[in-house]
Amino acid sequence: MALVVPSILSADFTRLGEQVAEAQSGGADRLQIDVMDGRFVPNITVGPLVVEAVRRATTLPLEAHLMIVEPERYVADFAKAGADIIIVHQEASPHLHRTVEEIKRLGRRAGVAINPATPLASLQEILNDIDLVLCMTVDPGFGGQQFISGVLPKISRLRAMIEQHGAHCDLEVDGGIHAETAPLVVKAGANVLVAGSAVYGDKDGVAAGISRLRQAIGTPSE
Ligand code: DX5
(Lines give C-alpha, C1' and ligand atoms only; values in the text may rest on other atoms or scores of the structure.)
Protein backbone atom coordinates (compact mmCIF):
# COMPACT_ATOMS: atom_id res chain seq x y z
CA MET A 1 0.00 0.00 0.00
CA ALA A 2 1.50 3.37 -1.03
CA LEU A 3 2.11 5.97 1.66
CA VAL A 4 0.64 9.47 1.35
CA VAL A 5 2.96 12.29 2.45
CA PRO A 6 1.49 15.81 2.32
CA SER A 7 3.97 18.58 1.59
CA ILE A 8 3.34 21.70 3.66
CA LEU A 9 4.57 23.88 0.78
CA SER A 10 0.93 24.53 -0.20
CA ALA A 11 -0.37 24.87 3.36
CA ASP A 12 -1.79 28.12 4.75
CA PHE A 13 1.23 29.41 6.70
CA THR A 14 -0.95 31.82 8.68
CA ARG A 15 -2.25 28.70 10.47
CA LEU A 16 0.45 26.14 9.89
CA GLY A 17 -0.08 24.32 13.19
CA GLU A 18 -3.72 23.70 12.37
CA GLN A 19 -2.87 22.56 8.85
CA VAL A 20 -0.30 20.11 10.19
CA ALA A 21 -2.84 18.74 12.67
CA GLU A 22 -5.41 18.42 9.87
CA ALA A 23 -2.98 16.32 7.87
CA GLN A 24 -2.36 14.04 10.85
CA SER A 25 -6.04 13.63 11.68
CA GLY A 26 -6.74 13.23 7.96
CA GLY A 27 -4.56 10.13 7.81
CA ALA A 28 -1.23 11.33 6.44
CA ASP A 29 1.57 8.80 6.85
CA ARG A 30 4.35 11.39 7.08
CA LEU A 31 4.79 15.11 6.37
CA GLN A 32 7.30 16.70 4.01
CA ILE A 33 8.87 20.10 4.56
CA ASP A 34 10.26 21.63 1.37
CA VAL A 35 13.46 23.56 2.09
CA MET A 36 14.60 25.85 -0.72
CA ASP A 37 17.54 28.27 -0.82
CA GLY A 38 16.96 30.32 -3.97
CA ARG A 39 20.15 28.85 -5.47
CA PHE A 40 19.61 25.14 -6.09
CA VAL A 41 16.02 26.07 -7.03
CA PRO A 42 14.60 29.50 -8.01
CA ASN A 43 12.58 29.90 -4.81
CA ILE A 44 13.22 30.46 -1.10
CA THR A 45 11.06 28.79 1.55
CA VAL A 46 11.85 27.64 5.09
CA GLY A 47 14.64 26.27 7.28
CA PRO A 48 15.22 24.39 10.55
CA LEU A 49 13.07 26.88 12.51
CA VAL A 50 9.94 25.72 10.68
CA VAL A 51 10.91 22.06 11.06
CA GLU A 52 11.14 22.69 14.83
CA ALA A 53 7.69 24.31 14.79
CA VAL A 54 6.12 21.49 12.79
CA ARG A 55 7.83 18.99 15.12
CA ARG A 56 5.91 20.54 18.02
CA ALA A 57 2.62 20.29 16.13
CA THR A 58 2.57 16.61 15.15
CA THR A 59 3.79 13.15 16.07
CA LEU A 60 4.03 12.14 12.39
CA PRO A 61 7.47 11.35 10.95
CA LEU A 62 8.90 14.43 9.22
CA GLU A 63 10.85 14.50 5.95
CA ALA A 64 13.10 17.48 5.23
CA HIS A 65 13.51 17.75 1.46
CA LEU A 66 16.64 19.88 1.08
CA MET A 67 16.49 21.66 -2.26
CA ILE A 68 19.64 23.57 -1.39
CA VAL A 69 23.30 23.73 -2.41
CA GLU A 70 25.86 22.24 0.01
CA PRO A 71 23.21 20.29 1.95
CA GLU A 72 25.98 18.56 3.94
CA ARG A 73 26.46 21.86 5.82
CA TYR A 74 22.94 21.67 7.22
CA VAL A 75 22.02 18.02 7.84
CA ALA A 76 22.93 18.31 11.54
CA ASP A 77 20.71 21.39 11.91
CA PHE A 78 17.74 19.59 10.36
CA ALA A 79 18.35 16.49 12.45
CA LYS A 80 18.45 18.66 15.59
CA ALA A 81 15.26 20.44 14.48
CA GLY A 82 13.43 17.11 14.45
CA ALA A 83 13.52 15.76 10.89
CA ASP A 84 13.29 11.96 10.85
CA ILE A 85 14.22 11.64 7.17
CA ILE A 86 16.66 13.99 5.49
CA ILE A 87 16.58 14.07 1.70
CA VAL A 88 19.46 15.65 -0.22
CA HIS A 89 19.73 16.13 -3.96
CA GLN A 90 22.23 14.01 -5.86
CA GLU A 91 22.84 17.01 -8.10
CA ALA A 92 23.99 19.12 -5.12
CA SER A 93 26.12 16.45 -3.42
CA PRO A 94 29.56 15.74 -4.92
CA HIS A 95 30.40 13.76 -1.74
CA LEU A 96 27.07 11.97 -1.56
CA HIS A 97 28.32 8.86 0.25
CA ARG A 98 29.85 11.00 3.01
CA THR A 99 26.63 13.04 3.34
CA VAL A 100 24.46 9.90 3.51
CA GLU A 101 26.74 8.42 6.15
CA GLU A 102 26.55 11.65 8.17
CA ILE A 103 22.73 11.59 8.09
CA LYS A 104 22.75 8.01 9.35
CA ARG A 105 25.39 8.80 11.99
CA LEU A 106 22.94 11.42 13.27
CA GLY A 107 20.37 8.64 13.67
CA ARG A 108 18.15 9.76 10.81
CA ARG A 109 16.98 8.02 7.65
CA ALA A 110 18.75 9.14 4.48
CA GLY A 111 17.02 9.99 1.21
CA VAL A 112 18.47 10.99 -2.14
CA ALA A 113 16.41 13.03 -4.62
CA ILE A 114 16.98 13.23 -8.37
CA ASN A 115 15.50 15.76 -10.78
CA PRO A 116 13.61 14.66 -13.90
CA ALA A 117 16.63 14.90 -16.22
CA THR A 118 19.11 13.24 -13.84
CA PRO A 119 19.97 9.69 -14.93
CA LEU A 120 19.26 6.73 -12.64
CA ALA A 121 22.87 5.64 -13.11
CA SER A 122 23.83 8.41 -10.67
CA LEU A 123 22.16 6.36 -7.92
CA GLN A 124 23.55 2.92 -8.55
CA GLU A 125 26.52 3.19 -6.18
CA ILE A 126 24.46 4.60 -3.30
CA LEU A 127 21.18 2.71 -3.69
CA ASN A 128 21.99 0.06 -1.08
CA ASP A 129 23.03 2.66 1.49
CA ILE A 130 19.86 4.77 1.54
CA ASP A 131 16.34 4.51 2.92
CA LEU A 132 14.57 6.43 0.18
CA VAL A 133 14.95 7.58 -3.40
CA LEU A 134 12.87 10.65 -4.26
CA CYS A 135 12.18 10.64 -8.00
CA MET A 136 11.03 14.18 -8.83
CA THR A 137 8.11 14.36 -11.25
CA VAL A 138 8.45 18.13 -11.68
CA ASP A 139 11.47 20.41 -11.87
CA PRO A 140 11.66 21.42 -8.19
CA GLY A 141 10.97 24.87 -6.82
CA PHE A 142 7.22 25.38 -6.67
CA GLY A 143 4.00 23.64 -5.74
CA GLY A 144 1.13 23.23 -8.16
CA GLN A 145 3.25 22.41 -11.21
CA GLN A 146 2.28 20.11 -14.05
CA PHE A 147 3.25 16.43 -13.64
CA ILE A 148 5.96 15.43 -16.15
CA SER A 149 4.54 12.24 -17.66
CA GLY A 150 7.85 11.49 -19.34
CA VAL A 151 9.15 10.46 -15.90
CA LEU A 152 6.81 7.45 -15.72
CA PRO A 153 9.16 5.06 -17.57
CA LYS A 154 11.97 6.31 -15.34
CA ILE A 155 9.95 5.31 -12.26
CA SER A 156 9.50 1.82 -13.72
CA ARG A 157 13.21 1.53 -14.46
CA LEU A 158 14.01 2.76 -10.96
CA ARG A 159 11.75 0.11 -9.41
CA ALA A 160 13.52 -2.54 -11.50
CA MET A 161 16.91 -1.15 -10.45
CA ILE A 162 15.97 -1.28 -6.76
CA GLU A 163 14.94 -4.92 -7.17
CA GLN A 164 18.03 -5.84 -9.20
CA HIS A 165 20.25 -4.35 -6.48
CA GLY A 166 18.32 -6.06 -3.70
CA ALA A 167 17.91 -2.59 -2.18
CA HIS A 168 15.27 -1.87 0.46
CA CYS A 169 14.71 1.84 -0.11
CA ASP A 170 11.34 3.46 -0.66
CA LEU A 171 10.57 4.82 -4.13
CA GLU A 172 9.02 8.20 -3.44
CA VAL A 173 7.65 10.59 -6.06
CA ASP A 174 6.97 14.31 -5.73
CA GLY A 175 5.44 16.92 -7.98
CA GLY A 176 2.04 17.10 -9.64
CA ILE A 177 0.74 14.08 -7.73
CA HIS A 178 -3.07 14.11 -7.59
CA ALA A 179 -6.03 11.76 -8.13
CA GLU A 180 -5.27 11.38 -11.85
CA THR A 181 -1.50 10.89 -11.65
CA ALA A 182 -1.35 8.90 -8.39
CA PRO A 183 -2.49 5.56 -9.91
CA LEU A 184 -0.03 6.01 -12.77
CA VAL A 185 3.01 6.41 -10.51
CA VAL A 186 1.94 3.57 -8.21
CA LYS A 187 1.50 1.28 -11.23
CA ALA A 188 4.98 2.32 -12.36
CA GLY A 189 6.44 1.31 -8.99
CA ALA A 190 6.24 4.25 -6.56
CA ASN A 191 5.33 3.32 -2.99
CA VAL A 192 5.42 6.79 -1.38
CA LEU A 193 3.51 9.76 -2.80
CA VAL A 194 4.26 13.36 -1.88
CA ALA A 195 1.42 15.77 -2.57
CA GLY A 196 1.15 19.44 -1.71
CA SER A 197 -1.51 21.23 -3.74
CA ALA A 198 -3.66 18.08 -4.12
CA VAL A 199 -3.94 17.92 -0.32
CA TYR A 200 -3.80 21.53 0.87
CA GLY A 201 -5.59 22.85 -2.20
CA ASP A 202 -8.52 20.44 -2.00
CA LYS A 203 -11.79 22.45 -1.95
CA ASP A 204 -13.20 20.09 0.67
CA GLY A 205 -10.22 20.31 3.00
CA VAL A 206 -7.07 18.42 3.89
CA ALA A 207 -8.68 15.15 4.96
CA ALA A 208 -10.69 15.06 1.74
CA GLY A 209 -7.54 15.66 -0.29
CA ILE A 210 -5.79 12.75 1.40
CA SER A 211 -8.85 10.56 1.03
CA ARG A 212 -9.14 11.35 -2.68
CA LEU A 213 -5.54 10.27 -3.20
CA ARG A 214 -6.05 7.05 -1.27
CA GLN A 215 -9.22 6.26 -3.22
CA ALA A 216 -7.38 6.92 -6.47
CA ILE A 217 -4.73 4.32 -5.56
CA GLY A 218 -7.26 1.84 -4.21
CA THR A 219 -6.61 2.19 -0.51
CA PRO A 220 -9.53 4.28 0.86
CA SER A 221 -8.97 6.03 4.21
CA GLU A 222 -10.60 4.24 7.16
C1 DX5 B 1 9.26 20.88 -5.45
C2 DX5 B 1 8.36 20.58 -4.28
C3 DX5 B 1 6.94 20.27 -4.73
C4 DX5 B 1 6.03 19.92 -3.57
C5 DX5 B 1 4.77 19.24 -4.04
O6 DX5 B 1 8.74 21.82 -6.26
O7 DX5 B 1 8.93 19.45 -3.65
O8 DX5 B 1 7.01 19.22 -5.64
O9 DX5 B 1 6.66 19.07 -2.67
O10 DX5 B 1 4.07 20.12 -4.86
P11 DX5 B 1 2.71 19.70 -5.63
O12 DX5 B 1 2.19 18.43 -5.01
O13 DX5 B 1 1.77 20.87 -5.40
O14 DX5 B 1 3.08 19.53 -7.05
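A polar contact here is a pair of N or O atoms within 3.5 Å; within protein, one must be able to donate a hydrogen and the other to accept it, and residues adjacent in sequence count only if both atoms are side-chain atoms. A few friendly notes follow.

1. The model is predicted, with local features needing pLDDT of at least 70 and side-chain atom pairs counting only at pLDDT 80 or more, while totals for chains, interfaces and linings use all residues. Residues are numbered from 1 along each chain as its sequence is written, and side-chain values use heavy atoms, leaving out hydrogens and water.

2. On the ligand, a backbone N or O atom of Gly-176 lies 2.8 Å from one of its oxygen atoms. Gly-144 also places a backbone N or O atom 2.8 Å from a ligand oxygen, and for a polar backbone atom of Phe-142 the distance is 2.9 Å. The protein covers 100% of the 370 Å² of accessible area that the ligand has on its own (Shrake-Rupley method, 1.4 Å probe).

3. Around the ligand are 21 residues, each with a heavy atom within 4 Å. Among the closest are Asp-174 and Ser-197.

4. Asp-174 also belongs to strand β7, where it is the bridge partner of Met-136. Strands β6 and β7 run parallel, joined by 5 bridges (pairing needs at least two DSSP bridges). Strand β5 is parallel to β6 too, through 4 bridges, and Ile-114 stands opposite Cys-135.

5. In strand β6 (residues 132-136), 5 of 5 residues are buried, meaning under 20% relative accessible area (1.4 Å probe, protein chains only). Leu-132, Leu-134 and Met-136 point one way, Val-133 and Cys-135 the other.

Definitions and conventions:
Buried means under 20% relative accessible area, exposed over 50%, partly exposed in between (1.4 Å probe, protein chains only). Helices (H or I, at least four residues) and strands (E, at least two) are DSSP runs, numbered from the N terminus.
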